[in-house]
Protein chains: 2
Amino acid sequence: MEAELKDMWNDLESMKQSLTDPSLRGPVDKLQLHLERLTNLSKSVPVRRSKVKDMSAEVVDSNPYSRLMALQRMGIVENYERIREFSVAIVGIGGVGSVAAEMLTRCGIGRLLLYDYDKVELANMNRLFFRPDQVGMTKTDAAVQTLEDINPDVVLESYTLNITTVQGFETFMSSLRNKSFSPTKEGSGVDLVLSCVDNYEARMAVNQACNELKQTWMESGVSEDAVSGHIQLLIPGETACFACAPPLVVASGIDERTLKREGVCAASLPTTMGVVAGLLVQNTLKFLLKFGHVSPYLGYNSLKDYFPTMEMRPNPQCSNVACLERQKEFIIAKPARDAAAKAKMEAEALTVEEFPLHADNEWNISVVDEVEIETVGATSSDALPEGLVRELPNADESQHPPPVEPAAPSLDDLEDLRRQLEALNS
Amino acid sequence: MEAELKDMWNDLESMKQSLTDPSLRGPVDKLQLHLERLTNLSKSVPVRRSKVKDMSAEVVDSNPYSRLMALQRMGIVENYERIREFSVAIVGIGGVGSVAAEMLTRCGIGRLLLYDYDKVELANMNRLFFRPDQVGMTKTDAAVQTLEDINPDVVLESYTLNITTVQGFETFMSSLRNKSFSPTKEGSGVDLVLSCVDNYEARMAVNQACNELKQTWMESGVSEDAVSGHIQLLIPGETACFACAPPLVVASGIDERTLKREGVCAASLPTTMGVVAGLLVQNTLKFLLKFGHVSPYLGYNSLKDYFPTMEMRPNPQCSNVACLERQKEFIIAKPARDAAAKAKMEAEALTVEEFPLHADNEWNISVVDEVEIETVGATSSDALPEGLVRELPNADESQHPPPVEPAAPSLDDLEDLRRQLEALNS
């Protein structure tokens with residue numbers, strides 16, 4: 001716009017000089033006055049900040065990363081700048097997904113992959129992120145527009161598609177497999193998939209993709225009455241997958257008959273969705289940057305401000321073939337995992353002796369103990385913690401085998417680690 | 001801008017028609033081409049949605065309130081549209097206050113009063129809300145710019161001032177007293193004050209103002225290491241005020257010696273601040289629209305995903321004179337309060353019989369029971385729930401009397417209500 005205005009100004013100047021008829025000077029002057037006003041107006045159009053090469057910890061007002069790098073100096077995170085190496089895929093750019101994308105962008109994540117097929121509507125304005133002037137744009141385009149302005153350092157890839165269609169699922173899979181951002185990375189091309197969709201079919205598609213790719217992911221959801229939500233960590237083979245059992249949701253205490261009246265659209269609140277997005281991205285940061293305790297399942301009942309936690313073992317009778325394969329691999333890999341854990345433990349025990357004060361994250365181990373997370377089998381419905389209920393899927397329920405009691409749990413790896421640590425210390 | 005471009009086009013048209021020298025037609029055509037391109041460019045500048053007269057519950061994409069009005073249809077909120085009658089003051093438009101303001105704006109709050117003296121910096125970009133193109137603007141101006149675009153129905157008042165100065169405090173007080181938005185309202189001109197400041201002095205100023213004005217407020221805070229936070233409800237005379245005891249904060253488990261190294265700025269995360277803002281505004285909605293259980297104190301330890309709750313009685317030895325006056329009034333007003341509660345209970349018992357299914361919020365009463373909130377005296381430090389510690393104020397500590405055991409608790413009003421309800425039902 002600036003160049004256009006300048007060209008026009010120059011044209012008017014040369015026109016004025018070539019004028020033989022002096023009566024035309026007045027109109028040209030008036031045009032130049034218009035142009036001046038336009039130039040001033042155009043200056044209110046957003047200006048982007050430039051990219052930065054390294055994340056600086058310098059405490060100056062102009063440093064967008066000073067408050068994040070402070071986490072490292074305070075001993076919370078060992079190496080904050082590693083965040084630039086990570087790729088996170090977000091499926092569903094609605095009330096939770098868009099806020100999760102903004103949080104990760106502001107945290108300086110390396111690369112974000114965004115998936116949605118929907119358009120922005122005025123009816124979305126009761127949640128954070130999208131603006132009324134973006135109505136009519138695809139959610140992916142609108143998100144890229146906003147996120148690029150906020151942090152040009154983040155590599156953004158957007159996919160305007162529906163992952164529950166055959167074509168959409170294929171593109172989804174190949175985008176997750178693409179390793180061009182980090183060619184030496186093990187596994188898929190992304191470090192984590194966040195599911196922020198609002199329906200069962202899309203969650204099952206994410207589950208299928210992640211089981212096939214051995215991809216760790218986190219699921220999130222908000223209830224139709226807008227007052228409860230949850231996040232869940234899913235590691236193929238190690239935890240229950242989304243098909244291992246009917247999904248767990250937080251009971252709101254509201255009668256379902258009230259909720260399911262005809263012609264009623266789902267309610268939503270920026271508060272509940274903001275909290276769920278915040279808990280989801282906090283869990284993501286803890287998972288990627290290895291600090292604190294990564295929650296396997298965390299519920300949010302906003303009417304009571306109650307936050308149930310638990311973890312679920314996989315179902316050996318799961319209907320998902322890829323899940324069963326991952327479960328088998330997980331059991332076979334146990335000796336190697338134990339040996340690696342022991343070696344890491346020994347190396348870290350040495351480090352702890354040298355730098356006793358928060359030199360690493362070793363203290364986390366005891367944290368898990370204090371939280372007292374309830375572990376249940378994927379299908380033993382009577383063992384659920386208070387405030388959690390199973391949501392019966394409304395589709396393909398007949399494909400599930402009847403619920404059975406889970407097999408006896410395999411040896412708890414954490415217990416193993418603790419015993420090894422005790423042996424090392426004695 | 002649109003008007004300016006149209007005027008210019010008309011001027012060029014009349015110029016072209018008055019031209020006697022045909023050699024000048026070319027340059028004028030070129031100018032019109034420039035203008036056409038400018039008009040196209042200007043269309044990417046944000047367009048605001050128009051104000052709406054009533055909140056509609058109609059389920060159409062173009063209705064910004066459909067998902068909020070659905071709360072009413074689902075029986076969560078009795079009368080959602082009442083939100084347009086409320087005024088909320090937010091002190092501190094930083095990482096928590098700005099997000100709280102955006103959430104309330106998107107919820108369609110009637111009127112927002114915003115207070116801050118600071119300017120937007122690139123160093124704030126690791127939290128939600130402000131954009132890089134707003135760097136250099138005051139936080140209040142930048143907030144108004146963004147919020148007006150999001151929801152033109154909200155009445156915004158902004159105050160660029162520091163409430164800890166004499167002049168700033170006076171303006172703060174008179175703005176809270178101003179009742180022009182809702183002349184028939186009892187008490188002050190606002191329904192709730194949200195404290196989203198980052199220092200002890202500013203919290204004490206809010207506390208002083210609210211104690212003097214008998215104004216209910218909510219306090220919020222995020223730790224310097226960015227991994228924990230809290231919200232607290234303060235009702236002058238009824239609950240502990242901010243001066244009744246050293247402030248309660250959530251223990252992060254991080255050694256203070258690591259945290260307080262010299263030259264280290266406070267860390268912050270969009271996640272922790274987003275969660276605290278979400279919990280704060282959720283509590284605000286529950287308080288204003290009378291649904292669910294309003295939390296007296298809710299902590300957030302993000303490393304463990306642990307959320308301690310409790311409530312604090314006022315300190316009869318509080319150093320704040322206005323607090324002591326409010327405590328006295330609260331005790332004197334008990335018989336009137338009990339009578340009013342009894343009358344309300346009787347009226348509602350009748351309503352419940354007529355509309356048994358979620359016709360009102362009566363079921364909330366049992367919710368309080370289930371939450372099992374620990375109640376402690378403001379100064380009995382040994383009675384704190386797990387995970388909470390007292391933060392010693394770094395200023396005016398000597399003004400506090402030495403901690404004493406609180407007086408025996410006055411009769412619990414909720415217990416009273418429950419007994420009355422049982423008597424009515426028997």
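How many residue pairs are in polar contact between chain A and chain B? In this predicted model, where local features need pLDDT of at least 70, side-chain atom pairs count only at pLDDT 80 or more and totals for chains, interfaces and linings use all residues, side-chain values rest on heavy atoms, with hydrogens and water left out. Residues are numbered from 1 along each chain as its sequence is written, while chains are lettered from A and ligands numbered from 1 in the order in which they are written.

The count is 32 residue pairs, both at pLDDT 80 or more, a polar contact being a pair of N or O atoms within 3.5 Å, of which, within protein, one must be able to donate a hydrogen and the other to accept it, residues adjacent in sequence counting only if both atoms are side-chain atoms. Between the two chains there are also four salt bridges, each a side-chain nitrogen of Lys or Arg within 4 Å of a carboxyl oxygen of Asp or Glu; one of them joins K30(B) to D11(A), with 3.4 Å between the closest N and O atoms.

To the contact (heavy atoms within 4.5 Å), chain A brings 108 residues and chain B 107 residues. The area buried between them is about 9400 Å², with 68% given by carbon and sulfur atoms; this is the accessible area (1.4 Å probe) that two parts lose on being put together, summed over both. In chain A, the residues that lose the most area to chain B are R67(A), M74(A) and R106(A), which together make up 8% of what that side buries.
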